Amino acid sequence: MATSHLIIVFIATLGALASSISGKEYIVGDASGWALDFDYQTWAKDKVFYVGDTLVFNYVSGTHTVVKVNGTGFQQCIVSLAIGTLTSGQDVVPLQTPGRKWYICGVGKHCESRNMKLVITVLPQTMVPAPSPMATSASSKLAIPTFYGCVVALFGSLLLLFV
Ligand SMILES: [Cu+2]
């Protein structure tokens with residue numbers, strides 16, 4: 001019993017660690033989703049977004065859209081300044097570059113009158129330093145013989161079992 005509990009804790013810890021490395025997923029508007037008359041400025045205010053995080057816009061497909069625009073398109077709710085439009089109702093937006101990102105709804109006057117507009121600032125990934133090319137090539141040269149060594153050892157021990 002105790003052992004199985006330990007294994008569960010271990011797996012949960014690994015999972016948490018993996019998700020913290022691969023980035024956070026933010027459900028825009030949380031349980032309210034991408035909806036009319038939600039205060040997205042307040043929602044974004046206490047959050048820090050990094051490159052590698054993702055935004056998820058949840059809504060009933062057909063009722064809203066997610067339109068990525070520039071600053072002017074955001075200020076004036078101009079859909080024609082769209083950089084990209086998403087319509088699936090479960091739109092996953094990976095944050096790939098640092099800087100300001102603007103999203104508005106392109107349906108009716110949802111942006112102008114119903115506050116369906118979100119602006120965030122994405123920060124560069126500072127916690128994970130990029131490995132130098134030297135270190136990467138050195139470790140891959142080391143890793144391959146080690147891998148083959150393990151395979152050979154494994155087959156060797158299997159052969160011994162059958163002899
Ligand atoms: Cu809308």
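## Loops, sheet and core of a predicted model

N115 sits in the loop that links α4 (110-114) to β8. The model described here is a predicted one. In this model N115 has a positive phi of about 65 degrees, although N115 is not a glycine. Most residues other than glycine have a negative phi. N115 counts as partly exposed, because 16 C-beta neighbours lie inside 10 Å.

D30 also has a positive phi, of about 45 degrees, and is not a glycine. This residue belongs to the loop between β1 (25-27) and α2 (40-45). D30 has 10 C-beta neighbours inside 10 Å and therefore counts as exposed.

Another loop residue is L81, placed between α3 (71-76) and β5. L81 is partly exposed, as 17 other C-beta atoms lie within 10 Å. Leaving out residues up to four places away in sequence, L81 touches V69, N70, T72 and G73. Of the pair L81 and V69, the C-alpha atoms are 5.8 Å apart in space, while the two residues are twelve apart in sequence.

| Residue | C-beta neighbours within 10 Å | Class |
|---|---|---|
| D30 | 10 neighbours | exposed |
| N115 | 16 neighbours | partly exposed |

### The chain as a whole

The protein chain contains five helices and eight strands. Read from the N terminus, these elements follow one another as α-β-α-β-β-β-α-β-β-β-α-β-α. The chain has 163 residues, and 18% of them count as buried. Among contacts in the chain with a separation of 6 or more, 71% are between residues 24 or more positions apart.

### The sheet

Five strands form an open sheet with mixed pairing, in the order β2-β8-β7-β4-β5. Its edges are β2 (49-50) and β5 (84-86); each has a single partner strand, so one side of each has no neighbour in the sheet. Strands of a sheet pair through backbone hydrogen bonds, in either a parallel or an antiparallel sense.

Both senses can be followed at β8. With β2, the strand β8 runs parallel, and two bridges join them. Within this part of the sheet, F49 stands opposite V122 in β8. With β7, the pairing of β8 is antiparallel and extends over six bridges. W102 has V119 in β8 as its bridge partner.

### The core

The largest nonpolar core is made up of 19 residues. Within this core, the residues with the most contacts are W34, F57, V67 and I104. Four strands, β3 (54-58), β4 (66-69), β7 (99-104) and β8 (117-123), each supply at least two of the core residues. The strand that gives the most is β4, with three residues.

F57 is one of the residues with the most contacts inside the core. Which residues does F57 touch, not counting those up to four places away in sequence? They are V28, W34, V66, L86, D91 and V93. One of them, W34, is also among the residues with the most contacts inside the core.

Technical notes. Residues numbered from 1 in each chain as written. Predicted model: local features only at pLDDT ≥ 70, side-chain atom pairs only at ≥ 80, totals over all residues. Buried ≥ 20, exposed ≤ 12 C-beta atoms within 10 Å, placed from the backbone. Contact = placed C-beta atoms within 7 Å. Core = buried A, V, L, I, M, F, W, Y, C linked by C-beta atoms within 7 Å. Pairing = 2+ DSSP bridges.
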